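Subject: Handing over the model

Dear colleague,

Please find the structure below, with the sequence alongside it. My notes follow, and I would be glad if you read them with the model open.

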Amino acid sequence: MKHRTLSFTLLLTLIACGGAQPGVTSVPGHGAVAIEVIPNPIVATLVSGKTYDFPFEVVVRETGGRATTVQRITARVTLGGGLTLATETWDANQIRALGYDTTIGPNSEVRYRFSPRKEVPDDRLFGGVTAELKVDATDDTGAATSATTVVTVTR
């Protein structure tokens, strides 16, 4: 698996959120996915000036016992009381173009490792930006499933 950096929007989505709140939506007897970000919180490491490294790993687990394919990943970044700053969606073709496998075997997982280096224009963003990451998938029968998670970032 190739390791690539996601766009700044996904970075903010993954690193700038509240505590973990994973959710799984599935149909009994069909595939299901769960998502986790490690570590949570993600620890931003100052490189110099306003530039930080944000090392983390995204784990997507199949929990329903059926082969599952990731269809899309959506990131929604919000500020404070819910003002949406950005929303970005990657479909399966875009995910594969980043070098990632979108197929998850029954009761197995895929891991995506990232360590993007980004400039943070205002340190107050570490405490005020929240985000949600959602993974939508289908199992080998075509049944839909999804999972969401929220993470935090610290310095």
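A question to begin with: in which loop is Ala 143 found? Ala 143 sits in the loop between strand E12 (129-139) and strand E13 (144-149), where helices (H or I, at least four residues) and strands (E, at least two) are DSSP runs, numbered from the N terminus.

Before going further, please note that this is a predicted model, in which local features need pLDDT of at least 70 and side-chain atom pairs count only at pLDDT 80 or more, while totals for chains, interfaces and linings use all residues. Residues are numbered from 1 along each chain as its sequence is written, and side-chain values use heavy atoms, with hydrogens and water left out.

To stay with Ala 143 for a moment, this residue counts as buried because its relative accessibility is 13%; buried means under 20% relative accessible area, exposed over 50%, and partly exposed in between (1.4 Å probe, protein chains only). Leaving aside residues up to four places away in sequence, Ala 143 touches His 30, Ala 137 and Thr 138, a contact being heavy atoms within 4.5 Å. Ala 143 and Gly 31 are 112 residues apart in sequence, yet their C-alpha atoms are 7.3 Å apart in space.

As for the chain in general, there are three helices and 14 strands, and 40% of the 155 residues count as buried. Of the contacts between residues at least 6 apart in sequence, 73% join residues at least 24 apart. The chain exposes about 7,400 Å², of which carbon and sulfur atoms supply 51%; accessible areas come from the Shrake-Rupley method with a 1.4 Å probe, and for residues only the protein chains shown count as cover.

Two of the sheets deserve a description, with the convention that two strands pair if DSSP finds at least two bridges between them. Strand E6 (residues 56-62) and E10 pair over six bridges in the antiparallel sense, and Arg 61 has Glu 109 in E10 as its bridge partner.

The other open sheet of three strands has the order E4-E5-E11, again with antiparallel pairing. Here E4 and strand E11 (117-119) are at the edges, each with a single partner strand, so one side of each is left without a neighbour in the sheet. The twist in this sheet averages 35° from one strand to the next. Strand E4 (residues 45-48) is joined to strand E5 (residues 51-53) by three bridges, and the two form a hairpin with two residues between them, where Gly 49 in the turn has a positive phi of about 55°. Thr 45 stands opposite Asp 53 in E5, and Asp 53 counts as buried because its relative accessibility is 17%.

With kind regards

Definitions and conventions. Axes are lines fitted to C-alpha atoms, for helices over the stretch in contact, and angles run from 0 to 180 degrees between N-to-C directions.
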